[in-house]
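Visitor: I have a few quick things to ask about this one. Could we go through them with the structure open?

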Amino acid sequence: ESVEINADILKENFHHTDEKLYLAFNVENVKKLEIYYSVTKVYCEREVYVEFELKHFYFNNLHQSLKNLSPEIISRAMPERSDFKEIDPASAVIPTSLKDALNLDSCSTDQLNALKTVLSCPSNAPPVLITGPFGTGKTQILATAAHYFILDSQRSGHPAHVLVCTQQQVSADTFLKCYLKVLPRREKDVQIIRLTTEYSRRDPELS
């Protein structure tokens, strides 16, 4: 004798790596279980046959989001090979008034060239890819570039918006704590907005 029960997989399952699966039962299914156990008198562990059903609406929403993107944004996010062009770092000129504020003396020649490449990239060009082994200063270069855009915005009077995206939550926390959190203390009118999912583990230092 068996009973069929439906349940939802909780989002908390993505925050642990143990061999447990946490499910959410609605009231109707809980009553089914109570009736089943009261009739069968079976309360010990027993085999359970489980089937998983994919909720397609999540992927449908992602697909619709892509359909709503303009061709310009798509070409930036997924450029063709022919769209990539060599950028001359020498074409980027950093004003003397900003060099001291950016503390560029600590940058190596390769780091400085990478920074200039980012700053000289046209707004309608594919994104600049910065590669290198661990500890070569890639994150510092990106933070310095973000700082440059903020300083240049304050100097020119034109608003600047910098979007920083990371694959993992801890990477965003580290970037914010080590590089961007100090900006509001040094620069005026700098507002940092941190977006996370509702079930993300939040760093107490950033709350």
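Visitor: Leaving aside its neighbours within four places in sequence, which residues is threonine 117 in contact with?
Guide: Bearing in mind that this is a predicted model, threonine 117 is in contact with Ile87, Pro89 and Val128 once the neighbours within four places in sequence are set aside.

Visitor: And where does threonine 117 lie?
Guide: Threonine 117 belongs to helix H5, which covers residues 109-119.

Visitor: Is threonine 117 buried or exposed?
Guide: Its relative accessible area is 16%, and because buried means under 20%, threonine 117 counts as buried.

Visitor: New topic: how many aromatic pairs does the structure hold?
Guide: There is one aromatic pair in the structure, and the two partners are tyrosine 148 and phenylalanine 149, whose rings are arranged edge-to-face, with 5.7 Å from centre to centre and 70 degrees between the planes.

Visitor: Why edge-to-face rather than stacked?
Guide: The angle between the planes is 70 degrees, and edge-to-face applies because planes over 60 degrees apart are counted that way.

Visitor: What about the accessibility of tyrosine 148 and phenylalanine 149?
Guide: Tyrosine 148 is buried, at a relative accessible area of 10%, whereas phenylalanine 149, at 32%, is partly exposed.

Visitor: Over to the surface, then: which residues form the nonpolar patch?
Guide: The patch on the surface is formed by Ile9, Leu21, Leu23, Phe25, Val30, Val50 and Phe52, which together have about 620 Å² of accessible area.

Visitor: Where is leucine 23 found?
Guide: Leucine 23 is part of strand E2, residues 23-24, and with a relative accessibility of 38% this leucine counts as partly exposed.

Methods: Residues numbered from 1 in each chain as written. Predicted model: local features only at pLDDT ≥ 70, side-chain atom pairs only at ≥ 80, totals over all residues. Heavy atoms only, no water. Phe/Tyr/Trp six-rings, centres within 6.5 Å; stacked < 30°, edge-to-face > 60°. Buried < 20%, exposed > 50% of the residue type's maximum accessible area, 1.4 Å probe, protein only. Patch = residues over 30% accessible without salt bridge, like charges linked within 9 Å, V, L, I, M, F, W, Y side chains within 5 Å. Areas by Shrake-Rupley, 256 points an atom, 1.4 Å probe, with all protein chains shown as cover. Salt bridge = Lys/Arg side-chain N within 4 Å of Asp/Glu carboxyl O. Helix = DSSP H or I, 4+ residues; strand = E, 2+ residues; numbered from the N terminus. Contact = heavy atoms within 4.5 Å.
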